[in-house]
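Please read the following report with the sequence and the coordinates open beside it.

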Amino acid sequence: MVAGRWNQEGSVRVVDLGIVIVNYNTREDLGRCLDSIAASTEHYTRRVVVVDNNSTDSSPELVRQAYPWVELITSAHNGGYAYANNLGLRRLGYGQSFALVALPRYALLLNPDTVLPPEALDALVAYMEEHADIGVIGPRLVRRDGTLDRACRRSFPTPAVSFYHMIGLARLFPRSERFGRYNMTFLDEMVETDVDAVVGAFMLIRSEALEQAGLLDERFFMYGEDLDLCFRIKAHGWRVHYHPDVTVLHVKGAASRQNTAQATAAFYDAMKIFHDKHYRARYPAPVNWAVDAGVALLRARAILTNRLRPAHARRVASA
């Protein structure tokens, strides 16, 4: 990794980019991700922090032995995705009242099941440098088969947006601006645009925006924390931007498939937490009751459906 730069006062060595990767029993994916970071072009300086969420697959040993340039944090328990990301962000200095001059200029939340093309990091940091009003940016994420990971550009799940998605209108009318807002399917995937949220699998954040919004909300165990963070950053007046000129591979679901029951419960818990936090006070009681009932029914259906599937075919609602 390239050494950091000194700030204007000459007292603190600062890097351009601080990368936080949360790992839970995804040893092989983590190795591929770190290899892709090591092969990245380096016009900007960076630190890489891997937070291991109490894995049992020798992931920490891999990092210690093969990637000595990585800063490793090992958690004594699996506290969830937001919890572990916050451990890494605090290691970089966020959320601790440090002066901005002492922080990386940008923070990247990155999943271990991503593989970066060599130019991805430099290209996105350069784009942020040119657009000072963007607080968060995300690339085009694709699955192994080349199809779009639709979570990489999203609208906030208001009751209406969620209703259209959950009852299937988004699937029936994907090109409708009204019905297709959940994953913004009404826009071609190569259209660059501002969005409500990008996905936490690859979320590049300006330090000023992150410090204003605060760290991730640890009530979200596995899902929803990225939506919540984007919501709070946008509330401070920053843009959230989807930049499809950069494409990143996202294997997706490597950690959640290890315990589909827990992951499914976390997915629907996140829906309720997000609604309670941002929308419950804005809507009348009948709407809130309908949301609560809908989330409960969808959760029960998803858990039952998974129980009826063979183990290898079980999946998480978002996958």
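Leaving aside neighbours within four places in sequence, which residues is Asn 86 in contact with? Those residues are Leu 215, Leu 216 and Glu 218, where contact means heavy atoms within 4.5 Å. This is a predicted model, in which local features need pLDDT of at least 70 and side-chain atom pairs count only at pLDDT 80 or more, while totals for chains, interfaces and linings use all residues. Residues are numbered from 1 along each chain as its sequence is written, and side-chain values use heavy atoms, with hydrogens and water left out.

Asn 86 lies in helix α3, which spans residues 81-91 and is mostly covered, with eight of its 11 residues buried. Buried here means under 20% relative accessible area, exposed means over 50%, and partly exposed lies in between, with a 1.4 Å probe and protein chains only. Helices are DSSP runs of H or I with at least four residues and strands are runs of E with at least two, numbered from the N terminus. The buried residues of α3 pack against strands β3 (17-23), β4 (46-52), β5 (71-74) and β6 (106-110), and against helices α7 (207-213) and α8. Just after α3, Gly 93 takes a positive phi of about 110°.

Ser 36, placed in helix α1 (residues 27-38), touches Thr 114, Val 115 and Leu 116, not counting residues up to four places away in sequence.

| Residue | Relative accessibility | Side chain to backbone oxygen |
|---|---|---|
| Asn 86 | 1%, buried | Leu 216, 2.9 Å |
| Ser 36 | 8%, buried | Cys 33, 2.7 Å |

In the largest nonpolar core, which has 89 residues, Ile 21 and Leu 34 touch the most other members. Helix α9 (residues 260-278) gives the most to this core, with seven residues. Such a core is a set of buried Ala, Val, Leu, Ile, Met, Phe, Trp, Tyr and Cys residues joined through side-chain atoms within 4.5 Å.

Helix α8 (residues 225-235) and α9 pack at an angle of about 20°, with their axes 10 Å apart. The contact is made by Leu 227, Asp 228, Phe 231 and Arg 232 of α8 and by Phe 274, Lys 277 and His 278 of α9. Axes are lines fitted to C-alpha atoms, for helices over the stretch in contact, and angles run from 0 to 180 degrees between N-to-C directions.

Note on methods
Polar contact = N/O pair within 3.5 Å; in protein donor to acceptor, adjacent residues only side chain to side chain.
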